[in-house]
Every structure is written in C-alpha cells, then in structure tokens.
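The following report is meant to be read alongside the sequence and the three-dimensional model. It begins with a single loop residue and then turns to backbone geometry and sheets.

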Amino acid sequence: AAVAITASGYCQTGAVGSVYPSVGTSPVTYGVTFTDAAGKTVVAPGLPTIEIQDNTSTYQSTSGTINTTGGTVAFSINQSAQTFTLTPSSSSISGAAVNIKGVPPSGTDALSFAVTKSFSFYTGSAPPAHNFVAAVQQTGVGSGVVDFYNVSLGANTPGSDTFSAYSPASLAVTNSTNEGKADVNNPTDVAWDSNGDLLVANAGTNTTTDSGNMACVPAGAISTGANVATTVSTNAFNPQHLAYDSRDSSIALANNGTTAPYVMPEYTFPNNYVAASAPRNLAASGFGATAVMSMPSATAGTYAVALTTGAEEDPAYSGTQGTNKVAVYTPSGTETDIKDDTHYGIDKPQSLAWDNANGQLVIANYSVYHPLVSFYSASYTQVKTINTTNQNYLVATSPDGHVAVAWIAAYGYSQVQVYDNTATRAAVGGPIPFNATSDSGVCTNYIYGTDGSLVNTMKWLSNTKLLIGVQAYSSGAATSKNGLYIYDISNLTAPAGYDDLTCAGFSAAPTNTGFVQMTAKPLAAAFKT
C-alpha cells in the first residue's frame, strides 16, 4: 500500500521528502520499506522488487543512470538488502528526478499494481570546514534567516580580523514537505554537527504547541542555497536553545513555552537524529528552561539544563527556596539537581558553559540580589563564585578556560567582562562597553553600540578571540553599530575614539579587531573552528 524511503547520513533516517542532497560526489545509500494496507511492514518472502527509472524512461531492477542538469546520477539496487545507492558525477547536480517503483512478486493472486515514490536529488560542495560562521538574524516578530560568513583571523590589532559573506549569503524561510514545517522558521539557535550539517532550532509561530522543531540542513544543501532540511523533532513549543554532543551525535532542545506547561529538553538521539519518543516534560513544575548544554565530563548524551521559576531563590527577597536549579539529565532519564540554598550560587540561572581546561561548569545568574557567576566541579561541587554586582545573562568559555560574561549594567545596557583561567578568576582588563551612557550624561561616545544596545550571543573563536553579536537599535531600526564583533583579549587598550576615560574604567578593555554590520538583530551564532 505504501513505500517509505530512508537515507544514510546527512541529517536523516526519516522519510525522504521532495528533495535530498549530497556533498560533492559522495554516494548516498537509501533503505526502502514497504507496508500493507493495515500498516504492517512487508517482509520476505513477499518483498516487492525495487525498480528505478533510468535516462531512457525504463525501470531497472539492478542499476542504471539518470541524466540531469549538472551531470549524471548512477544508481545501483541491492534487492536482498532492500537498499539502493545514488552516486552523483559532480557537485553541481540540480534536481535529478529519482522515480522509484515497488513491484509485488508474481504469484497465484496475479497482483499487477505497483507503489511508487519520487523525489529530487541535488548535490553541492561542502561549506568551509574552518573559520565559518552561521548567524541567526531576527528580521521581524517571529521571523528570521540564517546568514553565513567566512572569517579570517589575524593579529591582535584593530581591523586584523575580517568577515566576508559566503555565497549564498543566507538561508531564508522555506517549507519542507517532510512535516509541512519550515526548514528555517523563526530560528532561535544554531549549531554545527560533526558532518558539517547545520542544526537549527525553530520557534515557529511561538504561539501553539508543536509549532516549533529542530531542522537539520545538510552540508550539501548549504552551498546550493537550497535550504533543504529534514525536521526531526516533535512536541517542540518555542525552542530557544540547542545543544549538540559530538560524541554520540545527540541533541537537546530547551523548549520554553509562553505559558505552562513548559516542555523540557526534547532529545534527538544518534543515528541521524531520530526524535526521542518521550521528551522531558515537567508539566506541573512552572519551570522555564533558559539554557541547555552537553556535559563533556559525563556519559555521552548527558545534558545540563538551567531551570528557573523566574523568582529570586532567597526567601528574603520573595522567592521560594529550593526551586531554581541546574538539572543534569542522562540518556536513561536519571536527573541530578545542582542547587545552592545557602549562598544562592544558583539563583535565576540564565546561561551555562563548560570550561574544559579546568573541568568546571560555569553558571551565569540573572538574580538582582545574588548576581553571581558560579563555578562547579565535574562532581557538581561549588568551587567559586564571583559577585559581578550586575545581572548576568550570557556566559562563554574559551578552549583554554577564559570566561566571558555578559551582564546588564546599571542603566540597562550590556557589558562583557572576561575573567582569566586561573583559580583566582581575575578580571582581564575592564569590561567591554556597548553603551557609554552614565548618570552624568557626559559619556556619549558610543564606540561599540548605541543607547540600549544588547549582547545577544557570544562565542570564543580561539583562546584569545571572542565573537559577540550586538543588537544596536535606534527608534526600532538597526544602526551602523549593529552586527558581529571580534575582540582580542591579548591586547588591552582604550577603545579608539573615547575622549572621556572616566566612564566605568573602559581604558583597559580587550581590543576590537573585527566587525561586520548586520541589518537585523543577531540572535545566535555557530562557529566552525
């Protein structure tokens, strides 16, 4: 009654939609499954014969060739394994029509019908393996695109790091036939997997349950601009964050609905991201998931999630003690809660990072009364806290253990402070300012931003280079300061252009070494080192 086709590698083992790409001339093997009218899988000895139409419009049961734009696609069929393999001749194959037919075995019942399925096959070259950035731009309320940049890292002097637009420059919103959902639809977070595929967390409409998903855009589709993805998640309500574990190719989404219940991380496990059958759902808890990250110190597929009710943890400040926490989930579902009900080192946790050099979990807390950056060992024992006196909302760690923290300063704008990789965690220079407003009104040189600028994303590109996405808007429009910045912590100098160094001690901030302007809000970024 029906035929289903699954593919190896490049994002999916689920049903193939209208288009499927490959990287270069790499062959792709597909599995074929037939089901009867009752939905039961057909097995031997009743397996149909797989046939594929060749370039003479003849259906072949062993092998053949398909002619198409940009070259040819050779196919070979393994009837006993119920698979077939497509091998493209070039990396510029465009829309090869793959027509498949399942012919039931002949017998006394004299069956003569056949089930068919067709899809288009594309190829593309792999995007750069190194120094390549995918950045989410929020282009409007509930909408956005993913932009691509090549990055050239230079010295520690201004202008030494440069961005150049990749071609195609972006992946716009498209709609896949796989689930009837968009491949890029209000994207909120992105990550690269080990194959060079792009993982995209889509919030969707952000108003209804299951409107969001995780899409995987194959590496071969990125260079063509086809933006052909497979959506592999279900029950995703407004996913805000995505984490990837390269050890087992598992993924977790932090789904944060606008109202209760909040759906906790939905795991998509190995074997090309088959969606988990039972997402973590704390329906009655009232928690919101503010961050999720893989735990390199634990079993592959273990994730830490920042959970908060949105209230202060300390009962002295109208909170409920023992609620806010960081929960660590293993693939088997075991949960370990990290709390601090004495010193409130975990109070409204907002962002998580792993310091691999020191083996520590770093937590940024958005608390007004306990504005702490907290450090925990691999065994979840508190090692240190830093009181920043500001509400912390983003944290990122460099390969050698430096920690960058973004906070909201007293007048509602962002600053980024870097701390060193020693046990002391000393400040590395002064904070990087993204607004120079002060109560006296004398600091008006907006070197890196404008009034009210916000840091939306931070990624370390190396031990010294820090990428920061800045939302710099004025009267609802992006300014010339809006975009992606790179700073080098090995050079601490006064920001060029400042004529009033009395402003918050910015005279020893890390040096700005690169910038690219963006026309919309930079919301998230993923970097290939």
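Tyrosine 380 lies in the loop between strand S30 (372–377) and strand S31 (382–387), where strands are DSSP runs of type E with at least two residues and helices are runs of H or I with at least four residues, numbered from the N terminus. The model is a predicted one, in which local features need pLDDT of at least 70 and side-chain atom pairs count only at pLDDT 80 or more, whereas totals for chains, interfaces and linings use all residues. Residues are numbered from 1 along each chain as its sequence is written, and side-chain values use heavy atoms, with hydrogens and water left out.

**Backbone geometry**

Although tyrosine 380 is not a glycine, its phi is positive, at about 70°. The residue is partly exposed, with a relative accessible area of 22%; on this scale buried means under 20% relative accessible area, exposed means over 50%, and partly exposed lies in between, for a 1.4 Å probe and protein chains only. Glutamine 82, found in the loop between strand S7 (71–78) and strand S8 (83–88), likewise has a positive phi, near 55°, without being a glycine. Glutamine 82 is buried, with a relative accessible area of 8%.

| Residues joined | Omega |
|---|---|
| alanine 44 and proline 45 | about 10° |
| serine 167 and proline 168 | near 5° |

Proline 45 belongs to the loop between strand S3 (28–35) and strand S4 (49–53), while proline 168 is located in strand S13.

**The sheet that contains S11**

Strand S13 takes part in an open sheet of four strands, whose order is S13-S12-S11-S42 and whose pairing is antiparallel; two strands are taken to pair if DSSP finds at least two bridges between them. Strand S13 (162–171) and strand S42 (521–528) stand at the edges and have a single partner strand each, so one side of each is left without a neighbour in the sheet. Neighbouring strands of this sheet are turned against each other by 30° on average, direction ignored, with axes fitted as lines to C-alpha atoms (for helices over the stretch in contact) and angles running from 0 to 180 degrees between N-to-C directions.

Strand S11 (residues 132–140) pairs with S42 in the antiparallel sense over seven bridges, and valine 133 stands opposite phenylalanine 527 in S42. Valine 136 is also found in strand S11, and at 0% relative accessibility this valine 136 counts as buried. Leaving aside residues up to four places away in sequence, valine 136 touches, among others, Val145, Val146, Pro187, Lys521 and Leu523, contact being defined as heavy atoms within 4.5 Å. Although valine 136 and threonine 188 are 52 residues apart along the chain, their C-alpha atoms are separated by 6.9 Å.

**The sheet that contains S40**

A further open sheet has four strands in the order S36-S37-S40-S41, with antiparallel pairing. Its edges are formed by strand S36 (454–460) and strand S41 (509–517), each of which has a single partner strand, so one side of each is left without a neighbour in the sheet. From one strand to the next, the twist averages 30°. Strand S40 (residues 483–493) and S41 run antiparallel and are joined by eight bridges, with threonine 493 standing opposite alanine 509 in S41.
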